[in-house]
Amino acid sequence: MKRAKMNWGNVRIIFEREVRDQMRDRRTLFMIFVLPLLLYPLLGLSFLRVLQFLQQKPFRVMVIGQAELPETPPLVADTRFASSLFDDPKQADLLELSYPEDNKQPPEKQEIAAKKMLSKGELEAVLVIPANFKERLDEFRATLPERSDAATPVESAKLPRPRLIFNDGKENSRLAEIRLQRVLQTWSESIGRDNLARAGLPEAAAIPFRIESADISPPSRRGVAGWSKILPFILLIWALTGAFYPAVDLCAGEKERGTLETLLISPAERGEIVWGKLLTVMLFSVFTAVLNLLSLGSTGGFVNSQFPVFGAPPWSAMVWLLIALVPVAALFSAVCLALAALARSTKEGQYYLMPVMLVITPLVFVTLWPSVELTLGFSLIPVTGIVLLLRALLEGEYWNALRFAPPVIVVTGLCCHMAIRWAVDQFSRENVLFRESERLDLRLWFRHLWRDRQATPSAGAAMTCVAAILLAQFALQGSMGGASITTVALCSQLATILLPTLLCAWFLSRSPRETFQLQSPKPLGLAGAAALALCLHPASQMASAFVQQLYPVPPQLSEQLLGVQQQLNAMPFWQVLLLFACLPAFCEELAFRGFVMSGLRHLGNRRQAIVISALAFGITHTVNQQSILATLTGLVLGFLVIRGGSIWCPMLFHVLHNSLAITMGQVDSAMVRSWPVLRYLMVETSPSKWEYQHGIVLAGLLAAILLVSGINRVRYRQTPEEKLYEAIRHDASSAPVG
Amino acid sequence: MIHVQRLTKTYADLRRGEFVALDHVSFDAYPGQIYGLLGPNGAGKTTALRILSTVLQPTDGTAEINGCDVVRQPSLVRRQIGFMSANTGVYDRMTAWEMVEYFGRLYGLQDEPLRARMEELFERLQMNEIRDVLGAKMSTGMKQKVSIARAIVHDPPVVIFDEPTSGLDVLVARALLATVAELKTQGKCIVFSTHIMTEVEKLCDRIAIIHRGSLLAEGTLTELRERHQEHDLEELFFQLISRHDEQRRLDAAVC
């Protein structure tokens, strides 16, 4: 179908107006321009202040048993530790020493008193030198000169241990403990050196060598690792924030002020309105992120010159950040715009920020995991891919970045496209544009659901069913430990998929026949589905191997799967087919191609219904690798139910698809020997592991494409919403462009 | 010019189940005519006008403006109408001049003709004083003027007014009605919805009385008076409405 031609003149007019409008809004200006310019310098300043405060504050330490300390090497000198124990002698001032007031008291009582002071916060730490420490040390030292001639080692010093008492519940006390440990370690080492000298041994006898580490990074790249993690994070968060507030104002705000309806009556097409607004939101998103980065960069540079932590932020990074910012801003802007269009008011719109953050933040945080690097698998995950690509660029791994840039760009582009389509779609829905606030009354709402349910479920009901399935799966997951594979298979299909679906169908729709698409199929439809399953089988096997290569199964899960495989091998083959081919085909098709698809088709766009139902089908598979494959299969199954006009078509495809996968998974050299025809189809890739030849995969794919294009010509029964959607698109494509 | 045939709109309503906002409403309006939609609040007038302006889609029935279907050819329809509602839809952060200019440009008017048209409109509607005033600082009357200028800047053949005088003081309302009458003399086809009888009596050439989504009566004022043998429009209106409500109660009791 021809797409509506966009009038970019209108987009420009709307864009210019929206930008001017936002520039006149004090709240937006504050969020976007003023806040970043003030925030980081203020944060930097406070950081410096706090740092100074922390570094200058001396911790109070009480030393009990000072008389037990040896003269050499000295540990304390009056109210300070000996300055020779610090790299910088000035640091000795950071530990302020005190001694028990009553020297005559026994050390145990002194310790009890000191502990009381410690818990009251009058002290940060207490150092107890045990009785006879000096005496034992001297005794030990006296034996050392003899030891150089001794043939056998003499028993060790057996010195009593000094004790360090601190309060872990108090931050200052913990810091004092760390500082004290360092001082005492140095002191202990110097006693050791002293002992070695007395024994006439060189220091190298105890410390034969020291490790020397060498940093080969050029000075400009030092500290980049820290920044390469921080900067993409800041970029993403501010690009999102910068997009969110203008988006809410431009959609929910306009709805609230009543100006959106006026704009919708103008000749500007929905797509033009969305693009005009989208470009505005994008502009503000980019500006906010850039200002934040500049402000953070200069503040970071300043703080760093005072207290080097990471090294200066690499200014060259700005170029990469700016390039990456454009697709990031486009993606976030489209998502925010579509969400903001849903909101009835500015206030409601602002509530939507948190869910967006909750989705996006884990995608960013996953990149902070030490083992996560830019690989093909990660580059295919939206947002995560961009962050990792940016990190690679900032760290100077240009070759790696170049290799994975295409998948990141394709995935991000695809997400942008989908988000923009979603936003345009929102602007075409009257129930979104003219939603009215209703008082929430659960009883009334349930009654309305039951009383006004239609023959087939609504799109909302379809999503409720998916949520119910996910919840049932989550609830059952914990209670299946130790169950046999048969029980697991039965429960996971019947209890977590079929039962919620049937309950939803009972409560949210009137006609099981229409909801589950139980009409009898055309023989040609069934034949098409069967042929498609056969043709796509080699490609699906190859896709499965590819996905496992891309996202390797973790060893622990791999072990579990091996256990499952062993149980399967012990089962009769017909039982395996019944449990893993027929049962899932029946339950999952009724759920996803039946209930969910019937509901989603009320959205009016059948392609959208296919994609969403496939995604829902994907996420209900518990192993991630399976989810990806199931989503792809779900696209074919969705296509089949619409064109075939009956649930039996995708069900047949599903049975064959799973049966073939189970059968071919068992092909080994012995099987090939007994079925020589397999030699023409398959090739041994590793010992006793057989895969389809590339030629067969390609031939199967070509045949599948021909089949799909053939099936695509079959007329199908449209829902009223689909008819309307088509009519509107037809009009949009034939409208004159002014 | 405007051809409405069995127009129906239903909503899913939490309390009432399926709520019929518009029930098989049909009427025709022609150029040089002011067609009045008279009905109490919630009668379905705004729903009908929103369908005509393409922002809502009918559940059933058709509506055509200048031969263009509102469902199948919404973009063609939008080019031929000017819409003005009680909710003025004036941008807070735009001046009167900027606002009218914005819509003029969206309607595809070139700079020079647009400027000339705007000068003429600002003069005719006496808006020169508020040319540079921001929407947020305007009174309701000022906003209504801007809204009218915005609706007719592209000189559309069809102008729809949805309760334009609600919330206006007598002076401003009078000026607005004068403008509507003037538009009629220019040969525009005007649909004017209101619940105020005097406005209908003064302005409208034909009247449709709508109540609870149904069209109760339709014709010129004289026709209506003769048909229902009642000279006073207000009386006529109440009779029709109470008869309709009574009939509904009887129907409900039978069910």
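1. Helix axes here are lines fitted to C-alpha atoms over the stretch in contact, with angles running from 0 to 180 degrees between N-to-C directions. Helices are DSSP runs (H or I, at least four residues) numbered from the N terminus. With that in hand, the axes of α18 (residues 485-508) and α22 (residues 573-600) of chain A come within 10 Å and cross at roughly 20 degrees. That makes α18(A) roughly parallel to α22(A) (angles under 35 degrees).

2. A word on the model: it is predicted, so local features need pLDDT of at least 70 and side-chain atom pairs pLDDT 80 or more, while totals for chains, interfaces and linings use all residues. Residues count from 1 along each chain, chains are lettered from A, and side-chain values use heavy atoms, leaving out hydrogens and water.

3. Who makes the helix contact (heavy atoms within 4.5 Å)? On α18(A) the residues include Leu490(A), Leu494(A) and Ile497(A), and on α22(A) they include Leu583(A), Phe586(A) and Cys587(A).

4. Beyond its neighbours within four places in sequence, Phe161(B) contacts residues including Leu49(B), Met84(B), Ile148(B) and Phe192(B).

5. In chain A, the centres of domain 2 (57-205) and domain 3 (506-552 + 568-734) are 74 Å apart, taken over C-alpha atoms. The bounds come from an automatic or database domain assignment.

Conventions:
Contact = heavy atoms within 4.5 Å. Helix = DSSP H or I, 4+ residues; strand = E, 2+ residues; numbered from the N terminus. Parallel < 35°, antiparallel > 145°, perpendicular 65-115°, else oblique.
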